Amino acid sequence: MDQHTASQTATIGGGCFWCTEAVFLELRGVQRVVSGYAGGHVKNPSYKQICTGSTGHAEVIQVIFDPALISYDDILRVFFASHDPTTLNRQGADVGTQYRSIILTHDDAQREVAQRVLAEMDASGLFPQRIVTEIAPLEIFYPAEAEHQDYFARNPWSGYCQMVVAPKVRKFRKEFAGQLRVAAPR
Ligand code: MHO
């Protein structure tokens with residue numbers, strides 16, 4: 001029987017989108033990842049504008065996934081495990097509201113799952129501090145400029161990619177070895 005399940009979308013921000021995009025592109029069940037901006041109050045913001053923190057936007061990614069292969073719950077579990085959800089408006093050396101940890105939910109069902117998975121993670125003892133991830137309904141997602149899409153794949157040797165993105169991807173590959181789209185190169 002020919003059964004098609006519709007794709008679903010998760011919108012999440014866990015600091016610099018070059019990092020989160022690189023991680024989610026490797027996860028089995030993910031069909032596409034788009035880097036962009038959400039959660040702010042200025043129309044069509046540019047990268048330069050959001051970097052000031054004054055537009056209110058967070059750097060986020062939209063993860064388009066096949067729910068027959070991975071659940072929204074598991075997308076969020078990978079999200080929590082692949083960034084630090086306990087530092088308010090900061091991810092490592094990147095400081096500012098644009099780097100805040102945030103889940104932008106698309107409907108009530110997603111909001112319920114987000115609240116449940118956040119509580120589960122908080123109770124897990126995996127984090128030494130309380131989780132500060134914001135959960136808010138998605139209003140508008142603005143895709144980022146073309147140069148911010150597939151950034152890690154296109155700029156692997158840049159200083160930031162080597163110092164910040166690559167270690168996150170390595171950690172993710174190790175922790176989620178069984179859930180990678182392809183076996184990680186050794
Ligand atoms: N602080 C880094 C972050 C890049 S990220 C896409 C930089 O400005 O290069 O926000």
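This briefing covers the aromatic pairs and nonpolar cores of the structure above. The model is predicted. It holds 6 aromatic pairs. Its largest nonpolar core has 44 residues.

**Aromatic pairs**

- A pair of aromatic rings is described by two values: the distance of the centres and the angle of the planes.
- Tryptophan 18 sits in helix H1 (residues 17–24), and tyrosine 160 sits in helix H6 (residues 159–175).
- The pair therefore ties together parts that are 142 residues apart in sequence.
- Tryptophan 18 is buried, at 11% relative accessible area.
- Tyrosine 160 is partly exposed, at 23% relative accessible area.
- Phe17, Tyr37 and Tyr47 make up one aromatic cluster.

**Largest nonpolar core**

- Within this core, the residues with the most contacts are Ile12, Phe24, Ile75 and Phe80.
- Strands E1 (8–14), E2 (30–38) and E3 (58–65) each give two or more residues to the core.
- Helices H1, H3 (72–81), H4 (108–123), H5 (151–154) and H6 also give two or more residues each.
- Leaving aside neighbours within four places in sequence, isoleucine 12 contacts Phe24, Val60, Ile61, Val63, Ile75, Leu76, Phe79, Ile102 and Ile103.

**Another core**

Note on methods:
Residues numbered from 1 in each chain as written. Predicted model: local features only at pLDDT ≥ 70, side-chain atom pairs only at ≥ 80, totals over all residues. Heavy atoms only, no water. Phe/Tyr/Trp six-rings, centres within 6.5 Å; stacked < 30°, edge-to-face > 60°. Helix = DSSP H or I, 4+ residues; strand = E, 2+ residues; numbered from the N terminus. Buried < 20%, exposed > 50% of the residue type's maximum accessible area, 1.4 Å probe, protein only. Core = buried A, V, L, I, M, F, W, Y, C linked by side-chain atoms within 4.5 Å. Contact = heavy atoms within 4.5 Å.
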